[in-house]
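Hello,

The structure you were to receive is below, and my notes on it follow.

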Amino acid sequence: MEKVVMGAATTNEKELIDWINQLEDQAMLQNLKMLKEETEGKDWWDEISDAEKAGIDRGLDDSKSGRTTPHQEVRKSYEEWL
């Protein structure tokens, strides 16, 4: 029999599912149901502003063009505050 190892996300999801399954607070269940209905079929990209989209696109362009600074260099610059 194959042993299945659960990752952190799977463990968190299981804990959340277990919590919801044991939940008796009807108001909380109703709030969760409304949250689910509000978010179904939505993409966060459609929810952000044009300025935010442009900023993300600029960042992606910078990355593709090599206009980035490696994490270790940035960390070294800020070592005294970390």
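**Notes on the model**

Just after helix H4, Gly66 takes a positive phi of about 80°. Helices here are DSSP runs of H or I with at least four residues, strands are runs of E with at least two, and both are numbered from the N terminus.

Before the rest, the basis. This is a predicted model, in which local features need pLDDT of at least 70 and side-chain atom pairs count only at pLDDT 80 or more, while totals for chains, interfaces and linings use all residues. Residues are numbered from 1 along each chain as its sequence is written, and side-chain values use heavy atoms, with hydrogens and water left out.

**Overall**

The chain has five helices and zero strands, giving the pattern α-α-α-α-α along the sequence. Its accessible surface is about 7,900 Å², and carbon and sulfur atoms account for 52% of that. Areas come from the Shrake-Rupley method with a 1.4 Å probe; for residues, only the protein chains shown count as cover. Of the 82 residues, 4% count as buried. Buried means under 20% relative accessible area, exposed means over 50%, and partly exposed lies in between (1.4 Å probe, protein chains only).

**Helix H4**

Lys53 is buried yet has no salt bridge, and the nearest side chain of opposite charge, Asp50, is 4.4 Å away. For charge, Lys and Arg count as positive and Asp and Glu as negative, with His and the chain ends not counted. A salt bridge needs a side-chain nitrogen of Lys or Arg within 4 Å of a carboxyl oxygen of Asp or Glu. Leaving out residues up to four places away in sequence, Lys53 touches Trp45, Asp46 and Ile48; contact means heavy atoms within 4.5 Å.

**Salt bridges**

The structure holds three salt bridges:

- Asp18 and Lys14 meet at 3.0 Å, N to O. They are four residues apart in helix H1, so about one helical turn separates them. Asp18 is partly exposed at 31% relative accessible area, and Lys14 is partly exposed at 41%.
- Lys36 pairs with Glu40, with the closest N and O atoms 2.5 Å apart. Lys36 is partly exposed, at 48% relative accessibility, and Glu40 is partly exposed with a relative accessible area of 48%.
- Arg67 and Asp62 meet at 2.8 Å, N to O. Arg67 counts as exposed at 51%, whereas Asp62 is partly exposed at 29%.

**Nonpolar patch**

Which residues make the nonpolar surface patch? Leu16, Trp19, Ile20 and Met28 do, over about 340 Å². Patches are made of residues with over 30% relative accessible area and no salt bridge; like charges are joined within 9 Å, and nonpolar side chains (Val, Leu, Ile, Met, Phe, Trp, Tyr) within 5 Å. Helix H1 (residues 8-22) gives the most to the patch, with three residues. Trp19 is found in H1 and is partly exposed, with a relative accessible area of 39%.

Regards
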